[in-house]
Amino acid sequence: MRLPALVLASLVAAAIAAPLVAPYAPEQIDLARRREAPSAIHLFGTDELGRDVFSRIVFGARVSLAVGLLSAVVAGACGIAVGGTAGYAGGAIDAALMRVTDAMLAIPRLPLLMIAAVVLQPSVARLILLIGVAGWMEMARVVRAECRALVGKGFVESAHAAGAGHARVVIRHLLPNTAQAVAVSLTLAVARGILLESALSFFGVGVRPPAASWGNMLYEAQSALGTEPWLAIAPGVCILLTTVSANAIGDRLASRSSS
């Protein structure tokens, strides 16, 4: 797990220190150097407006990673609320909440987000909210299963006997015991959020230019894949490294929890 964690930490550090790492402003136009191949002056080349691709990658990491991380937080909050309630309450409440969850899972996520993005034309904050709200279902099912397994345990009955209310039992006794499963789901949600942002931006309904994100850099590179492949390679590799690293961390956490 060390290498994936190191990759993610490096990308996050570069995003945080973007003004120090990037040699140029991300929107700095230099028409005299447009469409240049990678060189010592421009490590990843330049785009059709002469903007430095490396600088845009570094600043774009801020947007793409923020969308991935914060959308996972939104999805986690919604999923924990729904799954915790369903798992603890059981009965009709559990059945109703899980039917809603199943119905949401049956809806293709990307087309739904594309329609919502076209209608709302979201800012980055709204995009985070949209992706998070569309991604809570897996978390809800995981938390619900963990809570159902724990709700009959002795420590829960002891808490009831001591006079703890329903909310206290869930928040103080059940949810802390689901932390490892939640951590696994959150890492997978980060990767999913980055991929969804990239897909939405690639189709032109995500992060709006001139702001840079890895997804809209791929969108802008479509017309020049045959002649300037470096425009797509750099953001594509960053998306690949981030999602593979996040999934690898999630798989490692899952294997630890099952052992």
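I began with cysteine 147, which counts as buried at 0% relative accessibility; buried means under 20% relative accessible area, exposed over 50% and partly exposed in between, with a 1.4 Å probe and protein chains only. The model is a predicted one, in which local features need pLDDT of at least 70 and side-chain atom pairs count only at pLDDT 80 or more, while totals for chains, interfaces and linings use all residues. Residues are numbered from 1 along each chain as its sequence is written, and side-chain values use heavy atoms, with hydrogens and water left out.

**Entry 1: cysteines**

I searched the whole structure for disulfides, a disulfide being a pair of cysteine sulfur atoms within 2.5 Å, and the search returned zero. I then looked up the exposure of cysteine 78, which is partly exposed at a relative accessible area of 28%.

**Entry 2: serine 64**

I located serine 64 in helix H3, residues 53-89; helices are DSSP runs of H or I with at least four residues, strands are runs of E with at least two, and both are numbered from the N terminus. Serine 64 counts as buried, at 0% relative accessibility. I asked which side chain makes a polar contact with that of serine 64. I recorded glutamate 197, at 3.2 Å; a polar contact is a pair of N or O atoms within 3.5 Å, where within protein one must be able to donate a hydrogen and the other to accept it, and residues adjacent in sequence count only if both atoms are side-chain atoms. I also noted the backbone nitrogen of tryptophan 214, 3.1 Å from a polar atom of the serine 64 side chain. Leaving aside neighbours within four places in sequence, I listed the contacts of serine 64 (heavy atoms within 4.5 Å) as Ile194, Glu197, Ser213, Trp214 and Gly215.

**Entry 3: threonine 46**

I placed threonine 46 in the loop between helix H2 (18-21) and H3. Threonine 46 is buried, with a relative accessible area of 0%. A polar atom of its side chain lies 2.5 Å from the backbone oxygen of arginine 33 and one lies 3.1 Å from the backbone nitrogen of arginine 35. Not counting residues up to four places away in sequence, I found that threonine 46 touches several residues, including Glu36, Asp52, Trp230 and Leu231.
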